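Take a guided walk through this model. Begin with its open spaces, then move on to its helices.

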Amino acid sequence: IENESWPRDAGVLERESWGRFHGFPVAIRSSEGIQVEGAEAVWAELPGRLSAKRDERAENVDALRDEIRGLNREIERLRREGGDVSGLQAHYEDAASVLTSREAALLADQLIMRTADGREAAIPLAHVVRALRANELGAAGKLALYASRLWEFLAGEPRESNTEGGIFPAIFGTVLMVLLTSLAVAPFGVLTALYLREYAQQGLVVRSVRIAVNSLAGVPSIVFGVFGLGFFVYVVGGSLDALFFSDRLPTPTFGTGGILWASLTLALLTVPVVVVATEEGLAAVPRVVREGSLALGATKFETLWRVVLPAALPGVLTGLILAMARAAGEVAPLMIVGMVKLAPSLPLDLEFPFLHLERKFMHLGFHIYDVGFQSPNIEAVRPLVFATALLLILVVLSTNLTAILVRNHLRRKYAGSAI
């Protein structure tokens with residue numbers, strides 16, 4: 001190294017694709033020719049131009065894309081019902097033609113950059129996410145940049161094969177899957193534990209069931225994934241398609257991987273934990289509490305529902321906490337029953353019926369694996385891997401903390417029963 005310098009006009013462009021560009025601004029060019037020339041003039045003009053391009057894309061391109069997607073859905077619906085789609089098809093083709101022309105116009109304005117070795121490159125302004133005059137950033141500018149990138153990481157869409165942009169779809173998919181798993185495993189596990197502890201006659205059959213439940217906890221998770229694919233996807237999902245969505249066949253609706261089948265698969269994976277914890281909680285309720293309720297005239301069901309089960313809820317929530325923690329970190333079975341690298345649509349949106357349980361989803365655990373081991377440039381994406389791993393830990397901690405707070409509240413409420 002002969003010398004080092006920090007040129008004032010050097011900059012970094014964060015692009016939608018092809019990574020970051022380092023160089024010196026030369027000019028801003030449109031279809032009519034050079035509009036702005038010189039590094040200082042370009043840097044002064046660039047923020048306003050980029051903001052205008054974002055507004056233009058949102059107003060002219062993104063809105064039209066949403067309209068085209070709606071037309072496509074309506075055409076598919078009419079085709080299934082045997083209706084006439086000629087009018088909508090013509091409207092769809094006109095909108096697609098307008099979209100092509102608008103996208104071309106969006107790319108007309110270009111930023112001319114010069115690299116350190118003297119080569120020039122033309123970069124469309126519509127492809128620039130962020131332009132930084134890096135050597136001129138002060139402390140306040142750096143803090144604002146970090147805050148902007150943090151918000152983009154949490155709330156933005158992934159781009160560049162998941163190596164750039166945000167991970168909001170993965171966060172959303174992980175949290176929704178954990179909630180659906182909890183809603184499925186809690187009643188099933190609690191009812192199983194209630195039957196084994198309170199209703200079933202203790203004998204060979206009950207002991208066999210307990211052995212089977214305990215053995216499920218040691219089954220490799222990938223086996224549950226294969227079972228979920230065979231039973232939930234092919235058997236249950238295929239039957240639902242044949243009964244209710246026959247007009248869409250051979251394109252499957254529920255007969256393919258989705259967030260519903262992934263949640264039910266993880267519910268089976270975690271049900272032994274809930275069953276064992278619930279049984280322990282029921283066993284901890286003093287016998288005198290049951291006898292007192294029965295002596296006052298309550299039926300066995302009323303005793304269980306109003307006395308025993310509320311007192312055992314801390315134990316139930318303990319099992320649910322462990323189940324949620326394991327469900328949030330599982331990846332192997334999800335790769336078979338609905339998790340994908342990139343999901344174009346969220347399972348929850350404003351389109352009826354709002355919650356689309358048949359859709360595929362993204363997951364933070366798989367996102368870590370994909371970015372960390374499948375990216376062409378591992379060193380460049382290492383910070384993203386670490387940040388996503390930290391976020392997954394925070395998601396698990398936040399869900400567990402919520403359940404723990406509820407459990408502690410119930411423990412204080414039923415402290416008199418020595419739970």
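Start with what a pocket is. On a 1 Å grid over the protein atoms alone, a pocket is an open set of points with protein on both sides within 12 Å along at least five of seven lines, and lining residues have an atom within 4 Å of a point. A cavity, by contrast, is a set of points where a 1.4 Å probe fits but cannot get out.

This is a predicted model: local features need pLDDT of at least 70, side-chain atom pairs count only at pLDDT 80 or more, and totals for chains, interfaces and linings use all residues. Residues are numbered from 1 along each chain as its sequence is written, and side-chain values use heavy atoms, without hydrogens and water.

Now find the second largest pocket. Its lining has 21 residues, and R20, T163, E164, A380 and L384 lie nearest its centre. Two or more lining residues come from each of α3 (139-155), β8 (164-165) and α11. Helices (H or I, at least four residues) and strands (E, at least two) are DSSP runs, numbered from the N terminus. The most comes from α11, with five residues. The space in this pocket is about 640 Å³, a volume filled by probe spheres set on grid points joined across faces, edges and corners.

Follow α11 to N400, which is found in this helix. At 12% relative accessibility, N400 is buried. Buried means under 20% relative accessible area, exposed over 50%, and partly exposed in between (1.4 Å probe, protein chains only). Apart from residues up to four places away in sequence, N400 touches I321, M324 and A325. Contact here means heavy atoms within 4.5 Å.

Why is helix α10 described as largely enclosed? Eight of the eleven residues of α10 (residues 364-374) are buried, so the rest of the structure largely encloses this helix. Among the buried ones are L364, F366 and D370. Their cover includes α4 (168-199) and α11 (378-413).

Move to α4, where T174 lies. T174 is buried, at a relative accessible area of 0%. Neighbours within four places in sequence aside, T174 is in contact with A328, M362, H363, L364 and L392.

Finish on the outside. F301 lies in helix α9. Is F301 buried or exposed? At 54% relative accessibility, F301 counts as exposed.
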